[in-house]
Amino acid sequence: MPMDLPPGTVGNLTAEQEAKLQELWVLLLKVCGVNLDTIEQVQQQNGDAAAASQPQDKKKQPKRSRFGLFGRNNTDEEEDSASDKGTNGIASSLASINITDGDDKYGQSKEFQQALVDMKPEEIRVTLWNMVKHDNPDSLLLRFLRARKWDVKKALVMLISTLRWRLLDVKLDEDIMKNGEQSALKKSQSSDPAEKKAGEDFLLQMRMGKSFLHGVDKLGRPICVVRVRLHKAADQETEALDRFTVYTIETARMMLAPPVETACVVFDMTDFSLANMDYHPVKYMIKCFEANYPECLGVVLIHKAPWIFSGIWNIIKGWLDPVVASKIQFTKNVQDLEKFIPKDRIMKELEGDENWAYKYVEPQPDENKLQEDTTKRDEMVAERQQLAQELQGATIEWISSTMKKDENAVKAAVDKRKDLIERLRVQYWQLDPYVRATSLYDRLDVIQGEGKIEFYPTKSKVEGNALDGEKAE
């Protein structure tokens, strides 16, 4: 059903929020090593005009620009020289960005500074556009701005820290999503004990359906069901569980389509016992959502929690950001669930009317064959980077024309950006099978290609695995 655009999202921004978005773009592009001479020239012109209108004794004061954090200064030539030598030359101009007001729960200020040391500007830029995928890049930036209450510097710190996490810590696009389930299957058949264990542990989560994605709630948000009773800490290594957690979250992100930007998570606590309690995955999941997937949770339903969970909950809620905690609801029965999910979309396992049960469909031998065509992949990656560069240029035009207050130029730049953002979205889905391994949800025909998502498909893509055969008996 039609949804009103939430405040602070693309298509529903105040003038002040749009200005914050532009400020974040300027800082981000600077970190990415993109030439911003056009904007700096407008800043200079605006500064000269402002100085000319001031009394004579004030003209010698330093000019302040809207994007003053990275205004040109006497050290720029040194920084450019350092960048040419392969180091991140902008590090010194960012040294002053530190979150010192206690609002740095995950130490992202330090991670931000480390990213400037560990990653070259071009690496940051490429990782950014890899992260964008099918998303509207403005929507991506706005997630971080909303999460940091429109503090641009804090949003930049959070975003760059996330890019570093994706590229260097979890290798999300280069490993987890590229290799996927089929790689885990191959590892599970390895003669190397450690590799075999890693593959088996990952597949164990998939096969048992410890958590899975199925259907949408009343607001069209994808539903992730976590069956807590299936978890025992000793059943798998934490590395495999962390990998599975990130894989599930990133796969859910593939199912988000405007205006939907968030998901519904149901923690099914049916038959929960203390044997199922494990604080590590809880902490890891909280950190993922709060630090690296901001503004992605719509609602979290803790369903049928037994009385023994109350003491555990008192510990967990102390770890939660207040904004995340406000999205958590406790449901006791199917009537409570119906406030969020129509009963005909609640599976029978949760006492609803939907005759569906989770069943894992194994990876197929040739399902990732397109990944072998590295020539085509490289061509499409180059095409995507070219589109990204064009969009960067259009973004600079949009910001500079806004600063000049040239309404016609602003409209032209906005229209150009819309066209490029749509082209980038379409192009991602063409590139997708070359860079992302086929998932369960591709095999079930939920993710159908070309950006089409069918949350209730009538049959599977995999021959002989019609969804009718997966209906609950």
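## Exercises on a predicted model

Thr 245 lies in helix 10, which covers residues 238–253. The model is predicted.

**Exercise 1.** Decide whether Thr 245 is buried or exposed, and state which residues beyond its neighbours within four places in sequence are in contact with Thr 245.

*Solution.*
Step 1. The relative accessibility of Thr 245 is 9%.
Step 2. Buried means under 20%.
Step 3. Thr 245 therefore counts as buried.
Step 4. With neighbours within four places in sequence left aside, Thr 245 is in contact with Tyr 284 and Met 285.

**Exercise 2.** Describe the open sheet and its edge strands, then the pairing of strand 4 with strand 5.

*Solution.*
Step 1. The open sheet has five strands in the order 1-2-3-4-5, with mixed pairing.
Step 2. Strand 1 (211–216) and strand 5 (328–331) are the edge strands, each pairing on one side only.
Step 3. From one strand to the next, the twist averages 25 degrees.
Step 4. Strand 4 (residues 297–303) pairs with strand 5 in the parallel sense, over four bridges.
Step 5. Opposite His 303 stands Thr 331 in strand 5.

**Exercise 3.** Work out how helix 15 and helix 16 are oriented to each other.

*Solution.*
Step 1. Two packed helices are described by the angle and the distance between their axes.
Step 2. The axes of helix 15 (residues 374–404) and helix 16 (residues 407–435) come within 9 Å and cross at roughly 160 degrees.
Step 3. Angles over 145 degrees count as roughly antiparallel, and helix 15 and helix 16 are therefore roughly antiparallel to each other.
Step 4. The crossing of helix 15 past helix 16 is left-handed.
Step 5. The residues of this contact divide into 18 nonpolar, five polar and nine charged.

Notes. Residues are numbered from 1 along each chain as its sequence is written. This is a predicted model: local features need pLDDT of at least 70, side-chain atom pairs count only at pLDDT 80 or more; totals for chains, interfaces and linings use all residues. Side-chain values use heavy atoms; hydrogens and water are left out. Helices (H or I, at least four residues) and strands (E, at least two) are DSSP runs, numbered from the N terminus. Buried means under 20% relative accessible area, exposed over 50%, partly exposed in between (1.4 Å probe, protein chains only). Contact means heavy atoms within 4.5 Å. Two strands pair if DSSP finds at least two bridges between them. Axes are lines fitted to C-alpha atoms, for helices over the stretch in contact, and angles run from 0 to 180 degrees between N-to-C directions. Angles under 35 degrees count as roughly parallel, over 145 as roughly antiparallel, 65 to 115 as roughly perpendicular and the rest as oblique. A crossing is left-handed if the near helix is turned anticlockwise from the far one by less than a right angle, and right-handed if clockwise. Ala, Val, Leu, Ile, Met, Phe, Trp, Tyr, Cys and Pro count as nonpolar, Asp, Glu, Lys and Arg as charged, and the others, Gly among them, as polar.
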